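User: Hi! Could you walk me through this model, one topic at a time?
Analyst: Happy to, here it is.
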Amino acid sequence: MDTNAGRLRRLGSDAPIAHVPVEERYRTLVDAIQDYAIFLLDPTGHIASWNAGAERIKGYRADEIIGQHFSVFYPAEAIAQNYPSEELKRAAALGRWEDEGWRIRKGGSRFWANVVITALRDEDGDLIGFAKVTRDLTERERLKQLEYASELAARVETTREEEKKRIARELHDDLGQQLTALKMIITGLLADEGSTPEAQAYARERTRTMSNAIDHALASVRRLAAGLRPTMLDDLGLLPALDWLVTDFGQHTGLRVALNCNTHRVAFNDTASTALFRIVQEGLTNVARHATSATEVVIDLRCDRSSCELTILNDGAVVTRLAEPAAGRPPSSGIAGIRDRVRRLGGTFAAGPLPQGGYRIQLSIPRKAVELDLPPGQ
Ligand SMILES: Nc1ncnc2c1ncn2[C@@H]1O[C@H](COP(=O)(O)OP(=O)(O)O)[C@@H](O)[C@H]1O
Ligand SMILES: [Mg+2]
């Protein structure tokens, strides 16, 4: 009855690998791994070891990279925000830190990475360095994005249809009725042939009514056009358009809305102003639609030399459950649309309910992507 015992013996002390010291076994194992970049950092973030997977994924040979600081793998905007050191701090505090984001290969190309950083401590608990494991998820992310793009296209189509319906309804119900009223008054005036003083006074009275009706129709046209795209976004720029949006929202909902900006000197390009305007518009619509007990919204738009940050924060009840999209469906188009706009501008985005109640949308876009003179294709 050899079988099991024999097999165990073969894998046990008789196996050639058993004669290799344990440390060397692990080194051989780590060195041989191609799919993961596995390497060590000293406590300050300098690279102390390198494996085949790291060379394959990041493009550097061990002799080129050992001794360098691991921030060489991060995009400039992450470095400007001190993100690499922030990651080490979090790993040191929590023991383990996991993240997904863009990283840079030798030569400058980007890849989408899953990163796990584990703090290494000696027996006394002193930090001796970090183990870093990185996976290249570019292909997975690309497939996800293709799927996402086609779902999004379908949703954009639906949203467009709804928008057309809304415009048609407003044109019919509002402008249509006002114009019909005008038509009736004019018909009455035309039919009135009398020229007595009473008839003239009556005609003057009707002309005044008509003039008022024209004012209403003009206001409707303006409102309709502003709902589609506020002309002041093109004529006056992002901040006046945001001011208008916030004031209009406050008047319609009765909520207090604060808009804090330090961006009077920033020359926003067209893509960024449209994106930021639409994001604030969607954020406010969501407050009106979902945050039923909100009393206040605070919008902060701040730029420093490296990035522009937008936060939309409302108070209100603790959200215990978000309205879930049906199984297998992508998230609904509002938040997904915001994420997509931010992604196209190369930024980062987060949204969600807050533990103390209310909801927050927060995003950061590299400064160079919001300002004029974008390279073509942005
Ligand atoms: N300000 C908010 N307060 C509470 N919940 C919110 C808020 N904004 C968004 N949500 C939640 O996030 C979900 C997704 O929002 P969104 O993508 O805009 O979709 P929609 O508004 O069409 O439901 C909402 O259904 C809601 O559950
Ligand atoms: Mg919404």
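Analyst: One term before we start: buried means under 20% relative accessible area, exposed over 50%, and partly exposed in between, with a 1.4 Å probe and protein chains only. This is a predicted model, where local features need pLDDT of at least 70, side-chain atom pairs count only at pLDDT 80 or more, and totals for chains, interfaces and linings use all residues. Residues are numbered from 1 along each chain as its sequence is written, chains are lettered from A and ligands numbered from 1 in the order in which they are written, and side-chain values use heavy atoms, leaving out hydrogens and water.

User: Great. How many salt bridges are there in the whole structure?
Analyst: A search of the whole structure finds 23. A salt bridge here is a side-chain nitrogen of Lys or Arg within 4 Å of a carboxyl oxygen of Asp or Glu.

User: Which residue does R256 pair with?
Analyst: R256 meets E296 in a salt bridge, at 3.6 Å from N to O. That pair links distant parts of the chain, with R256 in strand 5 (residues 256–261) and E296 in strand 6 (residues 296–303), 40 residues apart. Strands (E, at least two residues) and helices (H or I, at least four) are DSSP runs, numbered from the N terminus.

User: Is E296 buried, partly exposed or exposed?
Analyst: E296 counts as partly exposed because its relative accessibility is 30%. R256 has a relative accessible area of 51%, so R256 is exposed.

User: What about E371, which residue is its partner?
Analyst: E371 forms a salt bridge with R367, and the closest N and O atoms are 3.1 Å apart. R367 is buried, at 18% relative accessible area, while E371 is partly exposed at 24%.

User: And R96?
Analyst: R96 forms a salt bridge with E98, with 3.2 Å between the closest N and O atoms. R96 is partly exposed at 47% relative accessible area, and E98 is also partly exposed, at 39%.

User: Which residues are linked in a network of salt bridges?
Analyst: E86, K89 and R90 are linked that way.

User: Is D340 buried or exposed?
Analyst: D340 is buried, since its relative accessible area is 13%. D340 lies in helix 12 (residues 333–344) and touches Y148 and L152, not counting residues up to four places away in sequence.

User: Switching to sheets. Which strands pair with strand 9?
Analyst: Strand 7 (residues 307–314) runs antiparallel to strand 9 and is joined to strand 9 by 8 bridges. Strand 8 (residues 348–353) also pairs with strand 9 in the antiparallel sense, over 6 bridges. Two strands pair if DSSP finds at least two bridges between them.

User: How many residues of strand 9 are buried?
Analyst: Strand 9 (residues 359–366) is mostly covered, with 6 of its 8 residues buried.

User: Where is the positive phi in the hairpin of strand 8 and strand 9?
Analyst: At G357, with phi near 110°; the hairpin has 5 residues between the strands. N82 also has a positive phi, of about 65°, although N82 is not a glycine. N82 sits in the loop between helix 5 (76–80) and helix 6 (83–94), and counts as partly exposed at 44% relative accessibility.

User: Last one: which residues form a nonpolar patch on the surface?
Analyst: V22, Y26 and L29 do, with about 320 Å² of accessible area together. Patches are made of residues with over 30% relative accessible area and no salt bridge, joining like charges within 9 Å and nonpolar side chains (Val, Leu, Ile, Met, Phe, Trp, Tyr) within 5 Å. Accessible areas come from the Shrake-Rupley method with a 1.4 Å probe, and for residues only the protein chains shown count as cover. Y26 lies in helix 2 (residues 22–32) and is exposed, at 55% relative accessible area.

Notes: Contact means heavy atoms within 4.5 Å.
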